[in-house]
Amino acid sequence: MYKSILSRVREFKKHSFLAPMFITLEVFMEILIPYMMAKIIDVGIKNSDISYIVKLGIILFVMAMLSLFFGAMGARFASIAATGLSKNIRSDLFEKIQKFSFKNIDKFSSASLVTRLTTDINNVQMAYMMGIIMVARSPIMMIVALVMAFIVNSKVSMIFLVAIPILIAIMYFLIKKADPMFVKVFEEYDVLNNTVSENVNAQRVVKAYVREDFENEKFKKLSLKIFGLFVDVEKLIALFNPSIILVVYSVIIGVFLIGGKYVASSVMTTGELTSLVIYSIQILMSVIAASFAFILLIIAETSIERICEVFDEVPSMDINEDGEKDIKDGSIVFKDVDFSYSEDGKRLALKGVNLEIKSGETIGIIGGTGSSKSTFVSLIPRLYDVTNGEILVGGKNVRAYSLSDLRDSVSMVLQKNTLFTGTIADNIRWGDENASLEEVEYVCKLACADEFIQRFPNKYDELIVEGGNNVSGGQKQRLCIARALLKKPKILILDDSTSAVDTKTDSRIRDALKNDMKDTTKIIIAQRISSIENADKIIVLDNGNVVGFDTPENLLRENDIYKENYEFQKKGGVAIEG
Ligand SMILES: Nc1ncnc2c1ncn2[C@@H]1O[C@H](COP(=O)(O)OP(=O)(O)O)[C@@H](O)[C@H]1O
Ligand SMILES: [Mg+2]
């Protein structure tokens, strides 16, 4: 797991190597400084040798400057390495997510994928930076300072052999207690993130339903929960802090007590005692710093797991790059098709579907909400793969085609469609990035979009804001249809794509499609019977079953569900007109 993450350092290996090198140099300077100080005290001050003091003073100053320089370089390389690593993980992860099928995305949820791309990667970045600094700093500092302390006075230094294990034991208990708390904090952060992103994205809906107070309350509760968890962590640290400080001061007092006796009996000099005190602080601080770096690693571990889950996810769809490129025509055949959204293949959303659609036909689909209309059409461009049976397009199994070519030939306007930030022309060109303005205008005319685009001050260069919130629902739908037409598809699928368009415009769009896209197979899902009553054939769906597939005239005679719908809607129409 760690290997898969660490291998992504790539071009920043050099920095990851240089950082500990410089930190090591810094540590050596820091350890030599007390040694030089001892010399100044013992030789210079004792003998009142001013020139010696000045000479060593200058060397000391240079060493301090070098230590600062090495420290700064180390930190610089460490931060470049860490941000570089996170940049690489982020782009790899993003690339991986682009390969995901709808099924893969359903499994994680988009909000959770966003958290993994942001918070989790940041945690890894922090831990990596602290990691490469501490890996060099703490052990080297501890060992070299210990060795120096023993060289200065091995008897006094015995005190460290007692103090270090005690300190390590205290830090061990602290980490053991704090670990589950941190894991909990980050789990709650996840929930918080999801709430924030959901709310910000759906701000308009929240406002429309006057749910601000409810959402505020929900958010407050979550914040309070995280606050509580942090207070628990702080309490724990507050409890451990005095014991850590107790150990540090005991050691210093011990060094003074035992060392003082040696100084009094002239076994040790004052300068040596001073350096010993500084070494004690360096040794103990390195143990404490290492422990905190360890806590960061623990926090990052959960994040690493979550990132690796995404890396390890096998894209559930084979894109079949070398597959067939040429789709002969827009004919569609469903053979004994079952489909389930769940991994285990139970709870079928579509059951035993068998039907044949000829190239160029216009097919309507009706059925109640949740009857699997969207599911049915999403199988044709392979947004999902069938669970059992097979689907043929242009006489061949859809899996035989290269996925990108299949999706180029099967253009689908999704029920929940989005426009992207950019001009109208940019958005339409999603269908074909090389299309000329004439071609863009042509499809916009077919989709009855040209008429309102011409009324914008900048016409086709009018900017669409994020999510397309500056065009009406019906306008957005027409732009999405135009975008789909630009692909010159063999099969065009409109999933309730004219629901927000008035009936008159709806019928003009249908006429335009009928006359100008004769060879394209058109599949139209609609709630309004009027949108599909001129179709060649209509599929009636009920709870995942095809309960009717025939001409509108025949269905009106033989199919109860269709007849009921037809009469209900026609009556509604009469009521309004009358
Ligand atoms: N991504 C999904 N994951 C799991 N279940 C889904 C998913 N999309 C739709 N379903 C379920 O499949 C059934 C059919 O949904 P759908 O095809 O969207 O119906 P319709 O378009 O006719 O309203 C519903 O019961 C719905 O809850
Ligand atoms: Mg639907």
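Helices α2 and α5 of this predicted model cross in a right-handed sense, a crossing being right-handed if the near helix is turned clockwise from the far one by less than a right angle, and left-handed if anticlockwise. The helices, like strands, are DSSP runs numbered from the N terminus (H or I, at least four residues, for helices; E, at least two, for strands). The axes of α2 and α5, the latter spanning residues 110-152, come within 9 Å and cross at roughly 30°, where axes are lines fitted to C-alpha atoms, for helices over the stretch in contact, and angles run from 0 to 180 degrees between N-to-C directions. α2 and α5 are therefore roughly parallel to each other, given that angles under 35 degrees count as roughly parallel, over 145 as roughly antiparallel, 65 to 115 as roughly perpendicular and the rest as oblique. Among the residues of α2 in this contact (heavy atoms within 4.5 Å) are Ile23, Val27, Phe28 and Ile31, and those of α5 include Ile132, Ile140 and Val144. The contact of α2 with α5 divides into 16 nonpolar, 2 polar and 3 charged residues, with Ala, Val, Leu, Ile, Met, Phe, Trp, Tyr, Cys and Pro counted as nonpolar, Asp, Glu, Lys and Arg as charged, and the others, Gly among them, as polar.

Helix α2 (residues 13-45) also packs against helix α9 (residues 270-312), at an angle of about 160° and with the axes 7 Å apart, and the two are therefore roughly antiparallel. The contact involves, among others, Pro34, Met37 and Ile41 of α2 together with Thr274, Ile278 and Tyr279 of α9, and comprises 8 nonpolar, 5 polar and 3 charged residues.

For helix α6 (residues 154-201) and α9, the axes come within 9 Å and cross at roughly 25°, which makes α6 roughly parallel to α9. Their contact has 20 nonpolar, 4 polar and 3 charged residues.

The surroundings of ligand 1 (residues with a heavy atom within 4 Å) include Asp106, Tyr341, Lys373 and Tyr384. Nitrogen atoms of ligand 1 lie 2.9 Å from a polar side-chain atom of Asp106 and 3.4 Å from a side-chain N or O atom of Tyr384, whereas an oxygen atom of ligand 1 is 2.8 Å from a backbone N or O atom of Gly370.

Residues are numbered from 1 along each chain as its sequence is written, while chains are lettered from A and ligands numbered from 1 in the order in which they are written. In this predicted model local features need pLDDT of at least 70 and side-chain atom pairs count only at pLDDT 80 or more, totals for chains, interfaces and linings using all residues, and side-chain values use heavy atoms, with hydrogens and water left out.

Terms used:
Polar contact = N/O pair within 3.5 Å; in protein donor to acceptor, adjacent residues only side chain to side chain.
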